[in-house]
Amino acid sequence: MDDRPLKVRVRGSALLADPTLNKSTAFTFEERDAFGLHGLLPPDVESLDTQVKRAYAAYQRKVTDIGRHITLRQLEDTNETVFYALLREHLQEMLPIIYTPTVGEACQRFSEIYRRPRGLFISYPMKDRIEEILDHVPNDEVHAIVVTDGERILGLGDQGAGGMGIPIGKLSLYSACGGINPANTLPILLDVGTNDPDRIEDPIYLGWRNERIIGQDYDDFVEAFVQAVEKKFPNVLLQWEDFAQHHAAPLLERYRDRLCTFNDDIQGTAAVVLATLLAAARVSHKRLVDQQVIVFGAGSAGCGIAEQIVRGMIHDGLSEEEARERVHMIDRVGLLHDGLTGLLPIQNRLLQSCDKVMPWSSDGETVSLLDTVTNLNPTVLIGVSGQPRRFTEEVVRAMAAGTERPIIFPLSNPTSRVEAVPADLIEWTDGRALVATGSPFDPVERKGTHSHKIAQSNNAYIFPGLGLGVLASQARRVSDDMFMAAAEELAECAPAISDQVDRLLPPVSELPAVSRRIAVAVGRAAIREGLAPERSEDELGARVDETFWEPRYRPYEAAD
């Protein structure tokens, strides 16, 4: 950690109001002299540990999850060092509060609980002033941006300006888990309106009160934003987050070779699901290429997961044609096949043969989830549909009849949208299912079996380490092979590999250590592809360690 004195220009109340610089009661007597702080603080000088204990006590006094979320956000807006030290110390407990699932309610109530500005709101009426708005960022050293337009927030749909809660939450995890200095991060909301009439009519709604812009106007607005980012922050890592499926994949394809950028819903979700699947396959004593997979939900996340699994199977020895024959997509129209029309471009490469699957149909028109399970004998069932309780007892028991260790991942967020709850999956499979979810669930206790630990297949296992690896290695682009490297490294961290239980991912408390490992793997892949400067393994590891930010106070000196 860098312990050199930090040159600070602001003083007095302005210093105490800056959450990136504020030490509050931890300012030393000498610093209070130098920065005009005497009288503005109580006389006792405290340690960071004492401040963290006080903050945790305040957190524990809250009786609702949204109250705890607001408390943590207020702390982040006051003193980021205390916030991240507290979060790092209680990561297992606080991850569901600062992010999924509580962040969903925070986005829904964003205008109601709004306290203090954070990040940038770039609204469509300001489309000709985006460069000027970026100049308002207090720190020119921005290394990571998370941006959303608020249209598809978790499984909750269009939240308009309330979607800002997602970039704020994601960047908190970049810093808490991936060691990215929060002073170098920037959340952005592209406010292009909302199609939720209740929000437009809500007197306290904080966003632009207009229906969403579409078509060329939307594309031109995003292009203007990207051009401004390229000019202001040419080396930044830009993450697209919670865009609707009709925008998510096209934006990724349009900009992935122009910026150092990725879409977490498509690529991050896919990588963590593949990692969890690789661990589950090893527990079931099968290879990835032995799996028959159903992905229930064929939007951007589902198609991203499917494509990552296909890449994993190819990496494991199958041809592309053989891999695609093993991955089956189900959407609103049933199992996707080449006899259907009107499908999305991202779905067209994931179709099964109509001749192969239509005989499975029980009604002669569509191939349902139950039809597919009954005829395919799948080993893997993944849900990203946002449709609660669609993995019914009949479906799950049919799957369990055809495979010894059913691998079932109901991943939809928040908890209210999950395709099945783990307790039911464990019960319906007589304790044989290997389960991972998108939101946290308590362990399942079942008579006659061990306690089933439910892995949370959360993107927080991937994107913080990926971001750390990109920044530490100075990668110019984010590639599919970098995500593959991240997934394989995460799978190696699974406790199930060493003790053959059903814990498919390491505990959340180990995320900082896991992110360091992933960062090295990602940096190695970037170097191998020629996307980052050549470095030895030792040099890369040292770069990761140097880049990893710790929430500790540095001594301050007054700038000249």
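Predicted model: local features only at pLDDT ≥ 70, side-chain atom pairs only at ≥ 80, totals over all residues.

Trainee: Which helices and strands each supply at least two residues of the lining of the second largest pocket?

Mentor: Residues are numbered from 1 along each chain as its sequence is written, and side-chain values use heavy atoms, with hydrogens and water left out. On a 1 Å grid over the protein atoms alone, a pocket is an open set of points with protein on both sides within 12 Å along at least five of seven lines, whereas a cavity is a set where a 1.4 Å probe fits but cannot get out; lining residues have an atom within 4 Å of a point. Helices (DSSP H or I, at least four residues) and strands (E, at least two) are numbered from the N terminus. The elements you ask about are α14 (264-283), α15 (300-315) and β8 (327-331). Of the elements, α15 gives the most to this lining, with 3 residues.

Trainee: How much space lies in the second largest pocket, and which residues lie nearest its centre?

Mentor: A volume is the space filled by probe spheres set on the grid points, which are joined across faces, edges and corners. For the second largest pocket it is about 800 Å³. The pocket is lined by 35 residues, with R152, L154, A301, V384 and G386 nearest its centre. For classes, Ala, Val, Leu, Ile, Met, Phe, Trp, Tyr, Cys and Pro count as nonpolar, Asp, Glu, Lys and Arg as charged, and the others, Gly among them, as polar. The lining of the second largest pocket then divides into 19 polar, 9 nonpolar and 7 charged residues.

Trainee: How many cavities of 30 Å³ or more does the structure hold?

Mentor: Rolling a probe the size of a water molecule over the atoms shows where empty space is left. Here there is 1 cavity of 30 Å³ or more, and about 280 Å³ of space lies in the largest cavity. Its lining has 19 residues, of which R73, F110, I113, Y114 and I168 lie nearest the centre. At least two lining residues come from each of α4 (65-76), α7, α8 (110-113) and α10, and α4 gives the most, with 4. The lining of the largest cavity has 11 nonpolar, 3 polar and 5 charged residues.

Trainee: At what angle do α10 and α24 pack?

Mentor: Axes are lines fitted to C-alpha atoms, for helices over the stretch in contact, and angles run from 0 to 180 degrees between N-to-C directions. Angles under 35 degrees count as roughly parallel, over 145 as roughly antiparallel, 65 to 115 as roughly perpendicular and the rest as oblique. Helix α10 (residues 165-178) packs with α24 at about 85°, their axes 8 Å apart, which makes α10 roughly perpendicular to α24. Contact (heavy atoms within 4.5 Å) is made by A176, C177 and G178 of α10 and L511, P512 and S515 of α24. That contact has 4 nonpolar, 2 polar and no charged residues.

Trainee: How far apart are the axes of α24 and α25?

Mentor: The axes of α24 (residues 511-528) and α25 (residues 537-547) are 10 Å apart, at an angle of about 130°, so α24 is oblique to α25. The contact includes R516 and I527 of α24 and E537 and D545 of α25. By class, it has 5 nonpolar, 2 polar and 4 charged residues.

Trainee: Is the peptide bond from T100 to P101 cis or trans?

Mentor: Most residues other than glycine have a negative phi, and most peptide bonds are trans. The bond from T100 to P101 is cis, with omega near 10°, and P101 is found in the loop between α6 (91-98) and α7 (102-108). H285, which is not a glycine, has a positive phi of about 60°; H285 lies in the loop between α14 and β7 (293-296).
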